[in-house]
Amino acid sequence: MEMTPVSQCVVKGGLTVEGICISKFDQHQSTLLEKSFLEIPVGCANIPWTGQCYSRARRKMPSFSFKARFFLSCRCMLSPVQFAIFHGMDFSTARQYYDAIDQIRAVLNEFEDIVQEVPSFVVVGMQSVGKSAVLRRISGFPFPQDSQVCTRVPMELSMRRCRGREKLTVTIRAREKVWTDGDHEANLTAAQTEILGGKQFECQDLVRIVKQDADCPEVTLIDLPGLFFAGNDDAAPLQAMVEDLVTKRIASDMALICHVVPLNQDHKTLNTWLLVHNADPARRRTIFIFTKADKVTDKSEFQRRIGAIMEDESHEKGSVLPKCFIIHGAATTEKEELSSLAHVESWVDEMGLQESVSVGVRALNGHLESVMLAHIQENLPRLRRRLEKEEQEQRKHLALIGRTPMDASMVVFGGVQDMIQATQSCFASLLPSLRVKFESMATTLQEVTMEPLGNQLTADEIAAKLKTFQFSPLEYNASRQKREIRNMETPLVADFLTLAVEAREVLNKSRGLYNDAFEGSMDVLKAWMVQFDADTSQIATVSEATKPNFEKAMASVGLPKLRRALEATRAAALACVENLHHWNTGRCLMTANVTDFASESAPFDVDQSLVDALTPEARLMWKPVFTAVWNTRGFLNSRKKLVAEVVLNEVMRLLSDYVDKTVREVLCSCSAAMAAVSDEPGSLAKKRKRALDRENGVKSALQTIESLY
């Protein structure tokens with residue numbers, strides 16, 4: 001018998017199709033199998049098919065037989081059953097693909113980012129273009145067509161054809177509610193109301209409809225709310241929300257698009273036309289369903305509209321003419337539909353578009369099944385890779401936040417270790433800044449000079465006493481310096497003699513000699529203290545950088561104690577600076593560094609010149625006072641060298657003790673109290689639950705995919 005490829009099958013006398021040869025490659029036996037079928041009646045029936053398998057060497061292999069239900073239209077389109085056989089699977093295997101994708105979509109529906117990666121068939125269109133009527137014709141399900149109860153939430157319509165003794169069933173689900181009996185149209189309206197919850201539109205959740213019927217196509221469609229034009233500013237946000245939903249759903253190349261277009265309206269006036277064009281410019285994922293063709297009674301107008309659409313589609317670079325179907329939404333039977341659209345079909349034939357445009361819901365149903373099955377098979381490996389990647393990401397995320405709430409004591413223990421490390425890191429980052437300030441303080445201290453006290457005598461008294469200094473006569477050729485000394489014109493001389501006058505006054509009053517610059521109010525030390533206070537306060541802020549499940553315990557117990565300990569440390573460090581003046585009073589007026597003291601106490605050259613310029617009597621009287629001034633100046637100069645080093649070492653010791661010891665001791669001492677209040681925050685519990693749900697959903701989807709291999 002002569003074999004004819006499936007694509008060339010023709011109707012023989014309107015009754016039989018002869019000579020169909022379908023081949024497949026058997027991976028298990030590495031053979032090319034040929035299935036020969038002698039007679040296949042036109043129409044829809046449960047038919048036993050038998051045939052013989054041969055290898056390439058034409059060796060006879062075991063016979064096979066099975067039953068299948070299929071469709072053949074008058075245009076002899078490849079039916080879903082034939083398509084399934086052509087791809088090497090029986091009818092039940094094809095259903096497994098559809099069911100698997102539905103299950104995957106169900107478990108991933110709440111995760112918008114990954115549910116877009118699941119192969120789908122999305123129905124889009126403007127409001128009132130006949131979308132609900134088309135779905136009613138495809139499924140036989142009574143979708144409401146009143147404009148007041150049109151689609152306002154996404155609807156997932158899963159259709160399965162009955163096999164054997166399977167019963168006709170309809171199930172409608174909206175969240176936890178399920179409807180199986182009664183008026184299906186009323187139930188669907190109730191399901192929409194349940195999802196809407198008083199809102200006008202809902203884009204995140206959906207209504208699920210599962211119908212099993214003898215005449216259903218094997219396909220799942222997702223019907224989206226129809227786009228509309230906002231009549232006022234109040235409706236504009238709703239329009240934008242619906243457009244955003246449609247745009248997101250059709251953007252992924254995993255979504256096939258059923259675009260419902262009314263033929264009694266210019267296609268370029270439809271909002272959905274631009275959205276679909278942008279999502280699928282090459283029209284490789286789109287099929288057009290034309291409605292309201294019965295409203296176009298003029299042949300030339302009909303052909304103009306169809307021609308405009310086809311011409312518009314053919315101009316896009318790389319595009320292909322999409323498959324188009326003309327459906328009569330008001331028809332109740334196939335016979336009524338074909339009869340009412342017979343003239344339309346003849347108009348299509350006149351235009352030579354019969355390969356691209358088909359008439360009737362039966363042709364549409366067969367095409368929906370075929371392209372959806374091919375789409376699923378083609379993209380299943382890609383979906384699998386995406387889900388495996390998502391599973392790895394969720395595993396990492398759960399490793400970070402924990403799969404279960406951590407034990408309170410372990411939470412505190414981990415939090416304490418984190419706080420210690422954070423404190424040490426913060427202190428380490430402050431060291432360069434502190435060092436600069438210590439160096440600045442040391443430089444400024446070295447620039448401080450011993451000046452008159454200004455609190456022992458009045459200016460007039462000092463001026464009067466300065467006049468009592470007796471100088472020896474000047475030689476005729478005396479130097480300028482000697483003349484300036486005698487006239488007290490050199491500032492150093494004037495200041496030194498003033499200090500001497502004040503020192504003598506102190507000695508006369510039997511008071512201890514001190515220097516006002518080191519009496520605790522020294523400007524440079526006070527300025528440095530302000531900078532130091534600002535820097536060390538940063539250490540307390542690390543307590544805010546704790547893990548979420550340690551926040552409550554740290555904020556209520558650990559943080560107050562740490563702050564008190566830090567304040568005590570800072571107070572001790574600042575007290576070290578404040579108390580420097582005690583070094584220069586009372587019993588502290590001594591130094592062990594005799595060598596440095598002697599060097600610093602030596603008179604300056606100008607001081608010695610002044611002493612030499614005095615008369616012997618004045619020199620004898622003032623020499624002890626001069627010596628006291630030199631010793632005081634030497635003592636203070638010796639101390640200036642020590643101040644910065646002492647402050648640096650003492651402050652660093654105190655801060656290091658806090659960072660290395662006090663933080664650990666304080667937190668360990670209150671660990672029991674922190675454990676008692678270390679409840680896991682609700683935000684972390686929600687993150688964990690969502691991550692676990694997401695991981696479980698992905699795992700379930702992967703298991704479903706594995707079952708197909």
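Me: What should I know before I start?
Reply: Residues are numbered from 1 along each chain as its sequence is written, and side-chain values use heavy atoms, with hydrogens and water left out. As the model is predicted, local features need pLDDT of at least 70 and side-chain atom pairs count only at pLDDT 80 or more, while totals for chains, interfaces and linings use all residues.

Me: At what angle do the axes of helix 13 and helix 15 cross?
Reply: Two packed helices are described by the angle between their axes and the distance between the axes. Here, helix 13 (residues 459-466) and helix 15 (residues 491-508) have axes that come within 10 Å and cross at roughly 105 degrees. Helix 13 and helix 15 are therefore roughly perpendicular (65 to 115 degrees).

Me: Which residues of helix 13 and helix 15 meet?
Reply: Ile 462, Lys 465 and Leu 466 in helix 13 meet Leu 497, Thr 498, Val 501, Glu 502 and Glu 505 in helix 15 (contact means heavy atoms within 4.5 Å).

Me: Which residues of helix 19 are buried?
Reply: An α-helix has 3.6 residues a turn, so residues three or four places apart point the same way. In helix 19 (residues 605-613), the buried ones are Val 606, Asp 607, Leu 610, Val 611 and Ala 613 (buried means under 20% relative accessible area, with a 1.4 Å probe and protein chains only). They span an arc of only 160 degrees around the axis, so they sit on the same side of helix 19. Their cover includes helix 14 (480-487), helix 15 and helix 20 (616-669).

Me: Is Glu 156 buried or exposed?
Reply: Glu 156, in strand 8 (residues 155-161), counts as buried because its relative accessibility is 4%.

Notes
Axes fitted to C-alpha atoms, helices over the stretch in contact; angles between N-to-C directions. Helix = DSSP H or I, 4+ residues; strand = E, 2+ residues; numbered from the N terminus. Parallel < 35°, antiparallel > 145°, perpendicular 65-115°, else oblique. Buried < 20%, exposed > 50% of the residue type's maximum accessible area, 1.4 Å probe, protein only. Arc of directions from axis to C-beta.
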